[in-house]
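Please read the following report with the two chains open beside it.

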Amino acid sequence: MKILLTEDEKELAKSIMDFLSKEGIFCKLADTFHEAKSLLHIYEYDFALVDIMLPDGTGIDLISIIKQRQPQCGIIVISAKGALDDKLRGLEIGADDYLTKPFHLAELNARIKSVMRRKDFDGANKIKIKELLIDIDKRELFVKNNYIELTRREYDILLFIVSNKERVVTKEAITEHIWGDDSNSFDNLNFVYTHIKNLRKKLKDAGCGDYLKSVYGIGYKFTLK
Amino acid sequence: MKLLNKITLNYFKNTAIVFFFALGILYLVIDQIIISEVNEQLRKTNREVREKLESGIIVDYHPFVEISEVNLIPAEYDKYDDVEISYNGKKGEEIFRQYVAYTNINGKNYKIITRSSLIEKEDLFWTILLLMSSILVILLIVLFYANRKAAKNIFKPFYENLKILDSFTLQNNNEFVLEKSNISEFERLNDSLLELSKKAKKEYNLLKEFTEDLSHELQTPVSIIKTKLELIIQKEINDSETEDNYQAIYQNINKLDRLNRTLLLLTKLESPDFFPSRTISVKAALQKAVDVYSDAAESENIKISLLLNSEITVEMNETLIETLLNNLFSNSIKHNYQNGEVIVELDENKLIVKNTGETPVNNPENYFNRFTRSYKSKDSTGLGLSVVKKICDLYGMKISYTFEKSHHTVIIIF
C-alpha cells in the first residue's frame, strides 16, 4: 500500500513512516503543499494523510485535488486539536476520517485500516486471524465459528488491538480511542485492565490461543508469535 | 458616606458655628443699645420727677417711680442696677432696670428710684434667636435640595463611569469609553483610568501571548517524544529496570501532554470566536459524559446516580460542554474514595454534581484558580476546575463549590 504523507514536522513524519513501514505500508513524505501537489500529479496513492496546516498552503485544497484526480484514494485529515471547522470542512469535501494532533501512532494505524477496510470490501468486511473472526459490520466475534458475546467496550478494545497486530498498544492509546481525549486524565487506568482481563477470559474459555499479551505495564500486544 | 454629603455636612457645621457666634454678638450689641437707651430714659424720667418734686408734686407710681426721704445721701449715688420685683399682684417677678438717685430739695434729702421693665429685652432675645434659627434651617433645607440636584448633574458622569469600570475585564479587547465631565478632577481621573487600563491590557495580552506561544511551541516536541517513545517500546526488552523507566517516561510525557493541551485550551477560551455554538441538550450531553466515565467509576466501585428531572437546552459549543462535563465527572471520580458515590442532578436550570470525598483543607474559593488542588494531587493537573470556571464564564453561567455533609458539591446555573 502506498501512502502520501503531508507533514512539515520532520521528526513526526519520520516516526509515522517508521511505524507504518512495519505494517508493510510505503510512505512518501511531502513537507510542503507544492510538493504534495506535484507528487499527486505524477503518482497514484492508495491513501493520503493530509495535514491542514502546511507552510505554503492548506490541506483543504489538497483534499479537493485528491478527490478530483484520484477519487479512489482514502483520506485522513490531520489537524490541531479544537479546530472543529477544519474537521467539518475536511469531511464535507470528501475526507474519510479526521485525527487531531497529537495522536497515538496506534490510533492512526487503526484509523487507516478502518478506512481501507471500508473502501476495499465495500462494507462487507471481516477480519480473520487464526481461529478468530471479527465481523466488523455486525460488531460480532466468532472463535472457531462459535459466537462469543462481548460487551461494547470489550469489542472496541479487541478491534483496536487487533488492528495493531504485533504492535504494542499503550493503555493511554486504548483509553483515548475508546473513551475520548478527555478520558485520558487518570494516572490509574485500571478500568482498561478490567476490560482486558474479561476479554482474555472469554477468549480463553472459547478455546482461543493466548494472543493478548501485557507489555511493560505500559500496554498490550496482540501477537501470534 | 457620600462625598457630597460629607462636604455639605462640613459646610453645615461651619455655618452653624458662625450663626451662633453671630447670634451672640448680635445679642450683646442690641443688649448694649437697649441698656443705654433705657438708662437715658430713666435719667430723663428722674429729671422730670425731680422737677415735679421741686414744684411740690410728689410723683409716686409704683414700681416705676418711688420717692422716699432719707437722712443721709450716701457717698456713692446715682447708680443703675437690675432688680426683680413683683407688683400689682402679678405672679412671678419681673426684671426691672432701676436708676437710684439722691437729691436735696428744700433742705430735705430724697431718694428717687425710677424703673423700667426689661421684659421687652427678653422678648427681643427670643425673637432674634428664633429669627436666626429659622434662617439657618431654611438655608440648610435649600442647600440640601440644591446640592442634591447639583450632585445629580455633577456626579452623573462619575457614577456612569463607575458602572463602566465595574464591568471592565481584561478578557475582552474593546476599550472602555468613559463619560466626559466638565470637572477637571474627574477628567484627570478618567485620563488616569484610561491609561491604567491600557497598561493592564498590554501586560495581560503579553502574558496571554506568552502562555499561548509556550504551549504551542511545546506541542510539537511533546508529540515527537511521544511518538518516538511509541516506536521504542515496539522493540522487545527483557530488562525490568528499563521497563520501569519506559513506563515512568511514558506516563510523565502523557501528563505533560495533557497539561499542555489544557493550558492551550485555557488560552483559547479567552477568545470565544474559536467556539461556534449550537443548541445542545444538557441531558444528552450528561448521559454521554456518564458513559465515558462509568468504567473509571466502576473500577473504584463508585456508584453514579443520575437524577435528570429536566430537559434543558443550551446554546453552547459542543466540544466545550463535553469538556465541561468531562472535567466535572473526572474530578468527582478522582477526588472520591473506593465505594463512594457521585450524584448528578439536573433540576430546572441547575446542574448539581455531588460526590463523596475527603474534607478539603484548602480554601474552596481557590479551587477555580489554576494549579490549586485539594488534599492531594492524585491524577490531578490542578487545571480541571479552572477550565470549568472559564467555560462557565464564557457563557455567563454561575458556578459555585461547597463542601457539605461530606459531599463535594458543584452547582452550575445555566
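The secondary structure of chain A comes to eight helices and 14 strands, where helices (H or I, at least four residues) and strands (E, at least two) are DSSP runs numbered from the N terminus. This is a predicted model, in which local features need pLDDT of at least 70 and side-chain atom pairs count only at pLDDT 80 or more, while totals for chains, interfaces and linings use all residues. Residues are numbered from 1 along each chain as its sequence is written, and chains are lettered from A and ligands numbered from 1 in the order in which they are written.

Chain B has seven helices and eleven strands. The table sets out the computed burial and contact values of the two chains. A residue is buried if 20 or more other C-beta atoms lie within 10 Å of its own, exposed if 12 or fewer, and partly exposed in between, with C-beta atoms placed from the backbone. Two residues are in contact if their C-beta atoms, placed in that way, lie within 7 Å.

**Strands of chain A**

Strand 6 (residues 74–80) of chain A is largely enclosed by the rest of the structure, because six of its seven residues are buried. Five bridges join strand 3 (residues 47–51) of chain A to strand 6 of chain A, and the two run parallel; in this pairing Asp51(A) stands opposite Ile78(A). Strand 6 of chain A is also joined by five bridges to strand 7 (residues 97–101) of chain A, again with parallel direction, and here Val77(A) stands opposite Tyr98(A). Two strands are said to pair if DSSP finds at least two bridges between them.

Leu132(A) lies in strand 9 (residues 132–135) of chain A and counts as buried because it has 20 C-beta neighbours inside 10 Å. Leaving out residues up to four places away in sequence, Leu132(A) touches Val143(A) and Cys208(A). The C-alpha atoms of Leu132(A) and Phe142(A) are separated by 5.9 Å, although these residues are ten apart along the chain.

**Two helices of chain A**

The axes of helix 6 (residues 152–163) of chain A and helix 8 of chain A come within 10 Å and cross at roughly 85°. Axes are lines fitted to C-alpha atoms, for helices over the stretch in contact, and angles run from 0 to 180 degrees between N-to-C directions. Helix 6 of chain A and helix 8 of chain A are therefore roughly perpendicular to each other, a term that covers angles of 65 to 115 degrees. Arg153(A), Glu154(A), Ile157(A) and Leu158(A) of helix 6 meet His195(A), Ile196(A), Asn198(A) and Leu199(A) of helix 8.

**The sheet of chain B**

An open sheet of four strands in chain B has the order 1-4-3-2, with antiparallel pairing. Its edge strands, each of which pairs on one side only, are strand 1 (65–69) and strand 2 (79–85) of chain B. Neighbouring strands of this sheet are turned by 30° against each other on average, direction ignored. Strand 1 of chain B is joined by five bridges to strand 4 (residues 108–117) of chain B, the two running antiparallel, and Glu66(B) stands opposite Ile113(B) in strand 4 of chain B. Helix 1 (residues 3–54) of chain B packs on the sheet and touches strand 1, strand 2, strand 3 (94–105) and strand 4 of chain B, its direction making about 140° with that of strand 4.

**Nonpolar cores**

A nonpolar core is a set of buried Ala, Val, Leu, Ile, Met, Phe, Trp, Tyr and Cys residues joined through C-beta atoms within 7 Å. Of the 94 residues in the largest nonpolar core, Ile3(A), Ile16(A), Ala48(A) and Ile75(A) touch the most other members, while helix 6 (residues 318–334) of chain B gives the most to this core, with seven residues. A second, separate core of eight residues includes Val49(B), Tyr99(B), Ile112(B) and Ile113(B).

**Where the chains meet**

In the contact between the chains, 33 residues of chain A are in contact with 35 residues of chain B. Helix 1 of chain A gives the most to the side of chain A that touches chain B, with five residues.

Definitions and conventions: Angles under 35 degrees count as roughly parallel, over 145 as roughly antiparallel, 65 to 115 as roughly perpendicular and the rest as oblique.
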